[in-house]
Amino acid sequence: MKISVIMIAHNREHMVRNMIQDILGQTWRNFEYIIVDNASKDGSGRIIDTYARLDGRIRLVHLTEEVSIGKARNIGLRCSAGDFVTYVDDDDRVEKDFLNLLGTAAENMDFVMCGTTEMREGKVYLQCAFEGKYQVNAKLAVEKLLKREHIRAGMPAKLFRREILLKYPFQEDCVHEDIHTTYKYMSEIRHGVVMGTPKYCCVRHGDNVSYFTTDFSALQPEQLDEYLAAYKEREQFISDKLPELTGLAQYSTWSFMLSICRNIVENEIGSCRQQYDGMRRYLLCHEKEICLSAYTTESERAWLERMKNSYEENSHIWDRESRKENNFAMEPE
């Protein structure tokens, strides 16, 4: 069984060497390593070229113009020839038996996943790691994803049968391609296995596309707009394909909105007022359904009540942002 490892590289000359060496040092030998250099302007391309000359398993694609992560991943997938595909990021790390763990478990499976850790400021934390393993089908995999139990939307640490990925190409006109597609891949799983042994490490730093999930003060309105649109699309897709999960899919959208609204207030992100107001109106329109949902937690009900009754308490956040915009507008050219 051949595995295609696909990596997008972009301006990570101080980090990309680590992942390349990690993959080339894998104990599982039957793989190809497709590296798409996304028009790097630093020394990343030269580093990749050097390794490609030394190891024939590397298949290198140099893009002359930078494209979205989704488009670069689609390019890498079209170049692949493996039975299974896994994506790794150019700033992360993997253990030397990462592919062996996934590949050995993949026989007669559509999907395999291992546990992950997360490195922040030099310290390693468990992320999707647990004792043991269990099998999943489409319903259970999507359910775990919606509940964020062991399965997250990010592509790393996952091994998919190639034809599943080909069925749903990554969206190319977005920044966070995984939130638009991972649930679709999960919905195609007939037989899969989720293992808690951590073999993949996500390295968090200020240049991560999804850094706001680590530091909410970095949240931008455009990011939030994309997430909100993707969550509503996900809710509709799951309701159509797996109607037994409709209630959970709806709750997942509500829960995301409640969490983001709370973080906007607690981190005083005045730039997201428009998004906050829209989510607040939506949540209050669905207040009864949210409160009656078996999935809604007491803390979420309490926060919804606070949103209903204390909107004016947050006026200082919006006022500060308004003053900032006005001061900027008044600056001389």
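**Close-up views of a predicted model**

View 1. Helices are DSSP runs of H or I with at least four residues, strands are runs of E with at least two, and both are numbered from the N terminus. The model is predicted: local features need pLDDT of at least 70, side-chain atom pairs count only at pLDDT 80 or more, and totals for chains, interfaces and linings use all residues. Residues are numbered from 1 along each chain as its sequence is written, and side-chain values use heavy atoms, with hydrogens and water left out.

**View 2. Surroundings and ends of α5.** At the start of α5, a side-chain oxygen of Asn-137 comes to within 3.3 Å of the backbone nitrogen of Lys-139. Arg-148, which follows α5, has a positive phi near 55 degrees.

**View 3. Met-186 and its contacts.** Beyond neighbours within four places in sequence, Met-186 is in contact (heavy atoms within 4.5 Å) with Phe-111, Ala-138, Ala-141, Val-142, Leu-145, Ile-151, Lys-158 and Phe-160.

**View 4. Ser-44 in helix α2.** Ser-44 belongs to α2 (residues 44-54) and is buried, with a relative accessible area of 0%. Its side chain reaches the backbone nitrogen of Glu-13 at 3.1 Å. Not counting residues up to four places away in sequence, Ser-44 touches Asn-11, Arg-12, Glu-13 and Val-16.

Note on methods:
Polar contact = N/O pair within 3.5 Å; in protein donor to acceptor, adjacent residues only side chain to side chain. Buried < 20%, exposed > 50% of the residue type's maximum accessible area, 1.4 Å probe, protein only.
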